[in-house]
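Student: I would like a close look at one part of this structure, with the terms spelled out as they come up.

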There are 2 protein chains.
Amino acid sequence: MTFVSASITAFFSTKITYSPESSGSYGVGFTIDRGVKARLTEKHGVYYNGEKVEFPTVEHVLKKLGADGVELESNVPISAGFGVSGASALATAIEISVCRGLNYSLGDLADMAHEAEVLNLTGLGDVVTQYNGGVVARIEAGKPTKAIVLKFPFRAEFKFLAMGKLLTKEVLRDELKRDAINKTGKLMLKEFLKKPSVENLVSLSKEFALKTGLADDDVRDAIEAVESAGGKAGMAMLGKTVFALNAGDALDEFRGEKFKARVTLCGISV
Amino acid sequence: MTFVSASITAFFSTKITYSPESSGSYGVGFTIDRGVKARLTEKHGVYYNGEKVEFPTVEHVLKKLGADGVELESNVPISAGFGVSGASALATAIEISVCRGLNYSLGDLADMAHEAEVLNLTGLGDVVTQYNGGVVARIEAGKPTKAIVLKFPFRAEFKFLAMGKLLTKEVLRDELKRDAINKTGKLMLKEFLKKPSVENLVSLSKEFALKTGLADDDVRDAIEAVESAGGKAGMAMLGKTVFALNAGDALDEFRGEKFKARVTLCGISV
């Protein structure tokens with residue numbers, strides 16, 4: 001069984017080129033102590049929390065490594081900004097390599113998972129974050145073995161409120177939105193690197209969510225409720241999900257999936 | 001509290017230059033689920049498992065980051081090939097940065113711990129292994145942010161038998177020994193990269209220990225006992241320590257500290 005952490009992106013800007021190797025994103029994301037477990041199965045296809053699903057990103061990895069099927073178990077919601085597709089693809093790749101004695105390097109497996117994400121437009125930076133683990137600033141975009149990152153050892157616990165889906169694919173296909181994201185994301189990264197603290201990370205995430213228009217009324221309401229209680233909150237990219245520091249019980253009144261999770265430096269365990 | 005994994009080097013070759021930044025080692029090492037915990041204290045100096053000790057490598061870090069004292073708790077033996085000095089220096093650096101909100105990147109803290117190791121001749125590659133986590137092949141030597149590595153996700157549990165100390169400092173100061181180490185270490189790395197499996201790692205470690213003369217009679221006896229039982233064993237560099245795969249009870253008859261540990265991809269937790 002291989003576990004790969006969920007990855008939460010606080011803000012980002014995209015770099016989409018002719019090839020998955022150089023495509024990726026800039027920005028800051030972090031791994032938490034929740035995520036996706038993968039186990040090989042003799043059944044054909046992808047099983048997600050017990051149900052057979054279509055999951056092209058994971059199917060790409062199965063095909064590349066010549067495996068039939070995988071069972072995924074996740075304790076974070078899908079399409080809600082937790083990098084489930086990246087975690088699923090990476091966990092699947094590692095589990096196949098380990099179980100079959102293929103002895104790939106972790107970098108090669110991460111590059112493969114990243115390729116699967118880019119080709120299917122399910123993510124651009126999650127695998128880089130998951131491969132590195134921790135609070136990861138992506139300062140040069142690209143596949144995991146080429147991306148340049150700075151990682152920070154923050155000790156923090158967040159409350160999460162997942163209120164619904166936002167499809168990465170749809171946001172990334174909207175050119176106007178992508179322009180706003182790219183402009184604002186670059187600025188936020190610069191600001192974060194001036195003062196790389198957990199509080200600053202959350203504040204910049206909120207600023208990014210508001211300036212790009214990615215935060216809808218529900219997200220804005222939740223962030224405001226946390227701030228009224230003396231905490232800070234940002235938005236997980238890309239999902240209708242709020243993550244909060246010192247939220248007290250401010251998020252209790254909101255509808256959605258709620259849980260706590262700690263930032264971890266460990267993105268992967270086998 | 002910050003935890004940093006013990007690091008076991010299977011084989012290595014040295015690169016010692018005029019500066020700690022470019023000094024380091026080539027070779028393969030791995031992190032395990034045992035190691036060193038660091039906690040800041042108001043007392044002055046370094047406390048190791050409850051006793052005040054002289055520990056120049058850690059004192060270097062305390063001074064660099066302006067802290068007075070640290071309490072270290074270790075569940076692996078010192079000077080026995082577990083990279084305790086590197087783990088102690090790195091855990092201390094991270095703990096100071098996290099507790100004081102200094103917000104250093106993990107790379108900067110690891111470079112600092114590496115510098116402390118090189119200046120005190122207590123290690124050359126452990127911090128690089130601990131910074132990366134997992135089974136780490138160091139293919140270009142240097143400080144953690146400059147070293148080039150390949151990491152492998154091996155699923156393995158080893159039995160360890162620690163029979164006594166070998167001072168890194170003394171081995172590294174002996175030029176004849178260093179020549180044998182460098183020649184053999186380079187060859188072993190090449191062989192490992194041709195077939196990067198856990199079995200090959202252990203076999204090459206044994207070959208390295210024998211060819212360099214670092215294995216004494218006790219180490220050779222223990223390795224042979226494991227092989228007679230159908231397992232494989234290598235030697236932790238630098239310590240009078242044997243690590244074994246599928247050892248059965250072959251090591252039970254030997255005197256020394258014995259324990260099991262799993263290879264982990266997580267070098268650090270905060």
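Student: Is K143(B) buried or exposed, and with which residue does K143(B) form a salt bridge?

Tutor: A word on the basis comes before the details. The model is predicted, so local features are taken at pLDDT of at least 70 and side-chain atom pairs at pLDDT 80 or more, while totals for chains, interfaces and linings use all residues. Residues are numbered from 1 along each chain as its sequence is written, chains are lettered from A and ligands numbered from 1 in the order in which they are written, and side-chain values use heavy atoms, with hydrogens and water left out.

K143(B) is buried, its relative accessible area being 13%, where buried means under 20% relative accessible area, exposed over 50% and partly exposed in between, with a 1.4 Å probe and protein chains only. Its partner is E21(B), and the closest N and O atoms of this salt bridge are 3.4 Å apart; the term requires a side-chain nitrogen of Lys or Arg within 4 Å of a carboxyl oxygen of Asp or Glu. The pair links distant parts of the chain, since E21(B) belongs to the loop between β1 (2-15) and β2 (24-41) of chain B and K143(B) to the loop between β6 (135-140) and β7 (148-152) of chain B, 122 residues apart. Helices (H or I, at least four residues) and strands (E, at least two) are DSSP runs, numbered from the N terminus.

K240(B) is buried at a relative accessible area of 17%, whereas D218(B), at 35%, counts as partly exposed.

By contrast, R220(B) and D217(B) both lie within helix α8 (residues 217-228) of chain B, three residues apart, about one turn of the helix, and their closest N and O atoms are 2.6 Å apart in a salt bridge. Both of these side chains belong to partly exposed residues, R220(B) with a relative accessible area of 33% and D217(B) with 49%.

To place these pairs in context, the structure holds 24 salt bridges over all chains, and the count between chain A and chain B is two. In one case between the chains, R155(A) meets E95(B) at 2.7 Å, N to O.
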